[in-house]
Amino acid sequence: MKLVYTHEHHALVATVANHLLQNDIEVITKNQYASGGAGQLAPIETWPEVWVVNDKDCSRASELIEDLNKDVDKPQWQCQNCNEMNDATFDFCWNCQHDAS
Ligand SMILES: [Zn+2]
């Protein structure tokens, strides 16, 4: 089992985990519930993590994550509901689930 991804934003970690699962890669997530509520800073040790169960899936998982993160270079958008900044990959605000539009 190998750690393939970690990020301070739970929504982004969940997006990566779902993307891998949809591509038939078995993953588990850790530290999902370790940090506090939204707006509360969590130390890096409690960042949620995505682990690939089968080591043979690791290189493919890395490629899939790279594909997903290509969108990261796009400009961020600001939530009209709570004013949080969101990565371009998010269709909904990570903080309040408000729609991007
Ligand atoms: Zn919001």
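This is a predicted model: local features need pLDDT of at least 70, side-chain atom pairs count only at pLDDT 80 or more; totals for chains, interfaces and linings use all residues.
Trainee: Which residue lies over the face of W51?
Mentor: A Lys counts as over a ring if its NZ is within 6 Å of the ring centre and within 35 degrees of the ring normal. Here the distance from the ring centre of W51 is 4.1 Å. The residue is K30.

Trainee: Which residues coordinate the zinc ion?
Mentor: Look for SG atoms at 2.3 Å from the zinc ion. Along the chain, the donors follow the spacing C-x2-C-x10-C-x2-C. They are C79, C82, C93 and C96.

Trainee: What is the arrangement of the four donor atoms around the zinc ion?
Mentor: Four donors count as tetrahedral if all angles lie between 85 and 135 degrees. Around this zinc ion the angles run from 105 to 115°. The arrangement is therefore tetrahedral.

Trainee: How many residues apart in sequence are the parts that C79 and C96 tie together?
Mentor: Both cysteines coordinate the zinc ion. C79 lies in the loop between β4 (77-78) and β5 (85-86), while C96 lies in the segment after β5, so the pair ties together parts whose separation in sequence is 17 residues.

Trainee: Is C79 buried or exposed?
Mentor: Buried means under 20% relative accessible area. C79 has 1% relative accessibility, so C79 is buried.

Trainee: What is the relative accessible area of C96?
Mentor: Partly exposed is the class between buried, under 20%, and exposed, over 50%. C96 falls in that partly exposed class because its relative accessible area is 26%.

Trainee: Which side chains meet in a salt bridge?
Mentor: Side chains of opposite charge can pair when their charged atoms come close. The count for this structure is one salt bridge. Its N to O distance is 3.7 Å, and the side chains are those of K56 and D57.

Trainee: Where is N83 found?
Mentor: N83 is a residue other than glycine with a positive phi, near 70°. Its place is the loop between β4 and β5.

Trainee: What is phi of Q97 near?
Mentor: Q97 is found in the segment after β5. Q97 is exposed, at 54% relative accessible area. Its phi is positive, in a residue other than glycine, and near 70°.

Methods
Residues are numbered from 1 along each chain as its sequence is written. Side-chain values use heavy atoms; hydrogens and water are left out. Donors are N, O and S atoms within 2.8 Å of the metal (3.2 Å for Na, K and Ca); water is not among the atoms, so sites may look incomplete. Four donors count as tetrahedral if all angles lie between 85 and 135 degrees; four count as square planar and six as octahedral if opposite donors are over 155 degrees apart and all others between 65 and 115; anything else is irregular. Helices (H or I, at least four residues) and strands (E, at least two) are DSSP runs, numbered from the N terminus. Buried means under 20% relative accessible area, exposed over 50%, partly exposed in between (1.4 Å probe, protein chains only). A salt bridge is a side-chain nitrogen of Lys or Arg within 4 Å of a carboxyl oxygen of Asp or Glu.
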